[in-house]
Amino acid sequence: MKLVLPYPPRELNPNARVHFHKKAPIVRKAKQDAFYVAFQHRGLFSNSDRLRAVVRVYSKTAAPYDTDNMLANCKAYYDGIFEGLGINDTLIDDNRCIRCGVDKFNPRVEITIETISIFEGWWNE
C-alpha cells in the first residue's frame, strides 16, 4: 500500500523549538490528512501481521537532512495512518527512510506499508 502525503512542516521536526500551542494544530492536521488517505485501505492488514514501512522523501531543495529526523517528522503521519487502518503501529518491524531527490513543485513523502514474512528481516540480510 502506497500513500502520498505532503512534505512535513518544519514544526514537526523534533529539533524545532515550537510552543505546543502552535505545534498542536499542525500535528492534528497532519494526523487527519494521513487518516483520510489511509482509511480507504482499512481491513488490508490485521493485528497479527508484521509490517515494513518505507518513507520515500522528495524534498523541495537539495539541502541535506537527517533521515532519522525525517522519520520522526512523520510520526503524526504514522499515527494517522495506523488509526485509519484500525491497527496498532507497534506492528512495524522494519522502518526505513530513502532520499529520492528533489521535486521543487511537489515536495512530498510517499509512505509504503507492506507485510513481511517471519523469515524476512535484518538477520537474513
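Visitor: Helix 3, residues 75-85: mostly covered or mostly open?

Guide: Mostly covered, with eight of its 11 residues buried, where buried means under 20% relative accessible area with a 1.4 Å probe, protein chains only. This is a predicted model, in which local features need pLDDT of at least 70, side-chain atom pairs count only at pLDDT 80 or more, and totals for chains, interfaces and linings use all residues. Residues are numbered from 1 along each chain as its sequence is written, and side-chain values use heavy atoms, leaving out hydrogens and water.

Visitor: How do you define a helix or strand?

Guide: As DSSP runs numbered from the N terminus: H or I over at least four residues for helices, E over at least two for strands.

Visitor: Which residues of helix 3 are buried?

Guide: Ala76, Tyr77, Tyr78, Gly80, Ile81, Phe82, Gly84 and Leu85.

Visitor: What covers them?

Guide: The cover includes strand 1, helix 1 (20-38), strand 2 (50-59), helix 2, strand 3 (92-102) and strand 4 (108-116).

Visitor: And what follows helix 3?

Guide: Gly86, with a positive phi near 80 degrees.

Visitor: Switching to Pro6. Where is it found?

Guide: In strand 1, residues 2-6. Pro6 counts as partly exposed because its relative accessibility is 43%, and that class runs between the 20% limit for buried and the 50% above which a residue is exposed.

Visitor: What is Pro6 in contact with?

Guide: Leaving aside neighbours within four places in sequence, Pro6 is in contact with Tyr77, Pro107, Arg108 and Val109; contact means heavy atoms within 4.5 Å.

Visitor: How far is Tyr58 from Pro6?

Guide: The two are 52 residues apart in sequence, and 9.5 Å apart in space from C-alpha to C-alpha.
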